[in-house]
Amino acid sequence: MTTLADSKEPTARCLDLTRLVSRVGRGAWTGVDRVEAAYLNHLLSLETPLFALVRTRRNFTLLDHSGTKQLAERLHGCRPWGSPDWRARSRLRATKTRMAAESDLRRLGLDHTGRRSLASLLTRHLPDGCAYLNVGHSNLSDHVFLALRQVRDMHLSVLVHDMIPLDFPDFQRDGTVTSFAAKMRAVSRHADLVIYNSRQSQISGAAHFGRMGRVPDSVVAHLGLDVPTVAGAVPSHLAQNRPYFVTVGTIEPRKNHALLLDVWAQMAKTRAASEMPTLLIIGKRGWKNEKLFARLDAQPAHVRELPDLSDAEMAALVAGAHGLLFPSFAEGFGLPPCEAAALGTPVVVHDLPVYREILGKYPIYANVADIYLWEQIVTELAARPATPVRGCDLILPSWDAHFNLVLKMT
């Protein structure tokens, strides 16, 4: 385990922003995207110089502090992307936004290179004693790590969000387990420090890294929560005239949306339509869930699919719900339940250790094998007013606490 006595302030930091740039033009940010954005915002606020490394389809770009700040303004929507240059326009399949982002990378970058010359680029521009941070699971490869090692006294830190692709391979997209395992083997070989978002992730990570041959030093730092801003009432086109519940996340097998459809189908057998609550499924369709997609396509009664909400719309719906239902089979951290708790919304979850660790007694715990228990809980919550939970001594994790711990060790 790395200790505070072993650490010292780096001469500079280099944050990998490949994931955020790859998400440009692809809709609302995921939880991992928001973590990378939080690191970007915090590191830009420090006096220590910040560089950013971005890999695109054709090359690597290194940005200095000024370029990174200007890139951040575009990623956050504070400044528009520029016009696509001729190189970007030659990519016939790229969206206009994506072309503009790659063009701005070329304009803002300190230097650019192809794959073979990455080590040369890094040693030309990064100072000795620099610290590299990767929190988005992009660029986790022997090639990138070995190139970074060419910078003298380089310190390599990686945030591992979870080991779910290795723990539950059947839930993953075809081909992604192999690529994820390759990334984790590279982390095992090269990382000086692994940052985990929960004790549960650390336990799983240490077990897998042990089988890979090397367990890097590690620290557990719960992710910070940006309490969602609820600017006003639920927009009129989303307003519900009856009690409603929400579930938030990509519609993929691990999230176990099928349980909720079963609960609603079961309730519909025993009560009138006027007595039924509404289930709002907030999230895009994912993978390996054809049977569930067919059920949704059949438009089950009192179930509504909402794939393209803004952050403000989602926050308003979660804040006004009678409960957030989260029957996921596995989580590394579980951001939606934490954000719902921050809004005072009742939360119902599968009884996973990570929720006990982070949320304590706040959620209602219900085993996903017991559909009747979930039905009973939904019925009881629907009969109560949709008011914030009171009287729970819950202290939610903060980004200040996260960075106070992590940056003393990186």
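Predicted model: local features only at pLDDT ≥ 70, side-chain atom pairs only at ≥ 80, totals over all residues.
**Notebook: sheet, helices, cysteines and a histidine**

I began with strand E10 (residues 278–282), which pairs with E11 in the parallel sense over four bridges. Strands pair here if DSSP finds at least two bridges between them. Leu280 stands opposite Arg304 in E11. My strands (E, at least two residues) and helices (H or I, at least four) are DSSP runs, numbered from the N terminus.

Residues are numbered from 1 along each chain as its sequence is written, and side-chain values use heavy atoms, with hydrogens and water left out.

**The sheet**

Next I looked up the order of the strands. The open sheet has six strands, E11-E10-E9-E12-E13-E14, with parallel pairing. Its edge strands are E11 (303–306) and E14 (364–365), and each pairs on one side only.

Then I looked at two helices lying across it. Helix H14 (residues 335–342) lies across E9 (244–248), E12 (323–326) and E13 (347–349), and runs at about 165 degrees to E12. Helix H16 (residues 371–382) lies across E9, E12, E13 and E14, at about 180 degrees to E13. Axes are lines fitted to C-alpha atoms, for helices over the stretch in contact, and angles run from 0 to 180 degrees between N-to-C directions.

**Helix H6**

Which residues of H6 (residues 118–125) are buried? I found Leu118, Leu121 and Leu122. Seen down the axis of H6, these buried residues fall within an arc of 95 degrees, so they line one face of the helix. The arc is that of the directions from the helix axis to the C-beta atoms. Buried means under 20% relative accessible area, exposed over 50%, partly exposed in between (1.4 Å probe, protein chains only). Their cover includes strands E2 (50–55), E3 (60–63) and E4 (111–113) and helix H7 (142–148).

**Cysteines**

How many disulfides are there? My search of the whole structure found zero; a disulfide is a pair of cysteine sulfur atoms within 2.5 Å. The sulfur of Cys130 is 5.7 Å from the closest cysteine sulfur, in Cys14, too far for a bond. Cys130 counts as buried because its relative accessibility is 0%, and Cys338 counts as buried at 1%.

**His257**

My last stop was His257, in helix H11 (residues 257–268). Is His257 buried or exposed? At 3% relative accessibility, His257 counts as buried. Leaving out residues up to four places away in sequence, His257 touches Thr247, Gly249, Thr250, Ile251, Glu252, Ile281 and Leu292. Contact means heavy atoms within 4.5 Å.
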